[in-house]
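Take a moment with the sequence and the model below. Then follow the text from one part to the next.

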Amino acid sequence: MSMSLLEKITTDDLLASLGQDVQLLGEGANLSVVVPKERLIAVMEELLKNYSFDYLGDVTAVDRGESGFEVVYHLFSISNKYELRVKTITTQSEAEVPTVTSVWPGANWMEREVYDLMGVAFAGHPDMTRLLLPEEFEGHPLRKTFKLQPRA
Amino acid sequence: MQTQTFELNMGPQHPATHGVLRVILELDGEIVVKATPVIGYLHRGIEKICENRSYVQSIPFTDRMDYLSGMNNNLAICQAIEKLMALEVPERAEYIRVITAELNRIASHMITIGVLALDLGGWTGMVYGFRDREKILELFNKLCGARMTFNYIRVGGVAWDLPDGWIDECRQFLKELPEMLKTYDELIMGNEIIQLRLKGVAPLSAERAIAMSASGAVLRASGVDYDVRKANPYGIYDRFDFEVPLGTDGDNWDRFYLRYLEIIQSARIIEQALEGIPEGPVMAKVPKMLRPPVGEVYHHVENPRGDLGFYLVSDGSPKPYRWHARRPAMINLQLLDELSRGTFIADVVATLGTLDPVLGEVDC
């Protein structure tokens, strides 16, 4: 069973190395590192360099209504076989976080998908356009305010 | 003489794009300057649909994502829900899950091999792949009444027990498999034209494969030892003895040949599972209406096409608050552009074939 990084090192060590304003929320399968979006790139680079999280498993987002959007990253270390969930939060009105394509270029389409379906933009992304839906589509279907039409 | 590049549309309706994929090719003569995949023609909004249904109702939708490996998709979503609810699965069901998932991996790889032969102009190769896959689909048909869209693996176990004589038929299939593999080996892998078309074309370095989040055979062909069954064993995969075949160059040939080698390993796993399968129930006690506790889970499995992950967020209600699939075929398809640059138009077809996208999963 590959494990969470936090079964290998203490939370204090991790928090100390990731710097200020980084929080740990939840435990077990729910555990995630929550990073303010201003420090996201610095923390991700630290995780890549010092903890060898070389593999970006997944990027997605959750619409938390009033509390804004959570952008969720699932990281994996191929050499050390451990994983970690990192989250960052952006408000409903801003709906923008920095891109991690500079850290893991494979984030390209994953971030475009989030932008397309959830309407969270990624600042600095090389090609911030819709991925699945046509350009002229209005709205972002995975937002909770987007209601499915009743069946005819 | 003045020359300039020109654009050529491949697809969305094209026999070699494995479904409705459009690739905009910028060409300098016959050499590809840029290949831009355009996806979304098959987008059904499965994530949104599943957020408006109960957890169990989302299982059949996963059958329709990567429709060549429905069992593996069923397995992934069911295990994700079980993790969220901390459910235990009976032993016998765990074995049946491994047997069906590995059979489905063999079926899926047979299609990949056969279709690539077809893409390169070898009709006969395709026919053998489809012929042999039919034997597996017939086994599945006896098991659950469906050839492609199984909905057989359920939350808490499997829908029902194996029918009488099924294990013997499965053993019979494994007995016939070496003969099938020999046919592929002699007819397809041993074919000089196929080797010349694939070897050394579109190589991918290990560093780049990792950085681009590639997974499955695409990643391992570059020599990266990452198989979720080994790196993060789910279910009972840690009980089986099997190897993870690795490539060296990450070229089209390695990506292609790895699938052939994986069939052999899957057969090994099935043999061990058929040997060790215990008697007993195949379904845990599961409430009719699932209400997982508030929380979230990310569960990933090794699908024939790579690392398939499900991220579920529960708010305690019967419907998932967030239902997200990490689709390996989509993420692998990102590589098409950089792998195709500088190769011939005809090689784009081969590269696409070795990346092996299933558009139902790419578009979701």
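This is a predicted model: local features need pLDDT of at least 70, side-chain atom pairs count only at pLDDT 80 or more; totals for chains, interfaces and linings use all residues.

Start in chain A, with two helices. Helix H1 of chain A covers residues 11-18, and helix H2 of chain A covers residues 40-51. Their axes come within 10 Å. They cross at roughly 120°. Angles over 145 degrees count as roughly antiparallel, and those from 65 to 115 as roughly perpendicular. The pair H1(A) and H2(A) is therefore oblique.

Now look at the residues that touch. H1(A) brings A:Asp13, A:Leu14, A:Ser17 and A:Leu18. H2(A) meets them with A:Val43, A:Glu46, A:Leu47 and A:Tyr51. By type, this contact of H1(A) with H2(A) has 5 nonpolar residues, 1 polar and 2 charged.

Turn next to chain B. Helix H3 of chain B spans residues 70-85, and helix H4 of chain B spans residues 91-119. These two helices pack at an angle of about 140°, and their axes lie 7 Å apart. On the H3(B) side, the contact includes B:Met71, B:Leu75 and B:Cys78. On the H4(B) side, B:Arg97, B:Thr100 and B:Asn104 are among the residues involved. The contact of H3(B) with H4(B) divides into 4 nonpolar, 5 polar and 4 charged residues.

How do the two chains meet? In chain A, 44 residues are in contact with 44 residues of chain B. Together the chains bury about 3,600 Å². Carbon and sulfur atoms account for 57% of that area. Within chain A, the most area is lost to chain B by A:Tyr55, A:Trp109 and A:Leu132. Together they make up 20% of what that side buries.

Polar links also join the chains. There are 4 salt bridges between chain A and chain B. One of them pairs A:Lys144 with B:Glu51, with the closest N and O atoms 3.4 Å apart. Between the chains, 21 residue pairs are in polar contact.

Which elements of chain A supply at least two residues each to the side that touches chain B? They are strands E4 (55-63), E5 (69-77) and E6 (82-90), and helix H3 (107-118). E4(A) gives the most, with 9 residues.

Key:
Residues are numbered from 1 along each chain as its sequence is written. Chains are lettered from A and ligands numbered from 1 in the order in which they are written. Side-chain values use heavy atoms; hydrogens and water are left out. Axes are lines fitted to C-alpha atoms, for helices over the stretch in contact, and angles run from 0 to 180 degrees between N-to-C directions. Helices (H or I, at least four residues) and strands (E, at least two) are DSSP runs, numbered from the N terminus. Angles under 35 degrees count as roughly parallel, over 145 as roughly antiparallel, 65 to 115 as roughly perpendicular and the rest as oblique. Contact means heavy atoms within 4.5 Å. Ala, Val, Leu, Ile, Met, Phe, Trp, Tyr, Cys and Pro count as nonpolar, Asp, Glu, Lys and Arg as charged, and the others, Gly among them, as polar. Buried area is the accessible area (1.4 Å probe) that two parts lose on being put together, summed over both. A salt bridge is a side-chain nitrogen of Lys or Arg within 4 Å of a carboxyl oxygen of Asp or Glu. A polar contact is a pair of N or O atoms within 3.5 Å; within protein, one must be able to donate a hydrogen and the other to accept it, and residues adjacent in sequence count only if both atoms are side-chain atoms.
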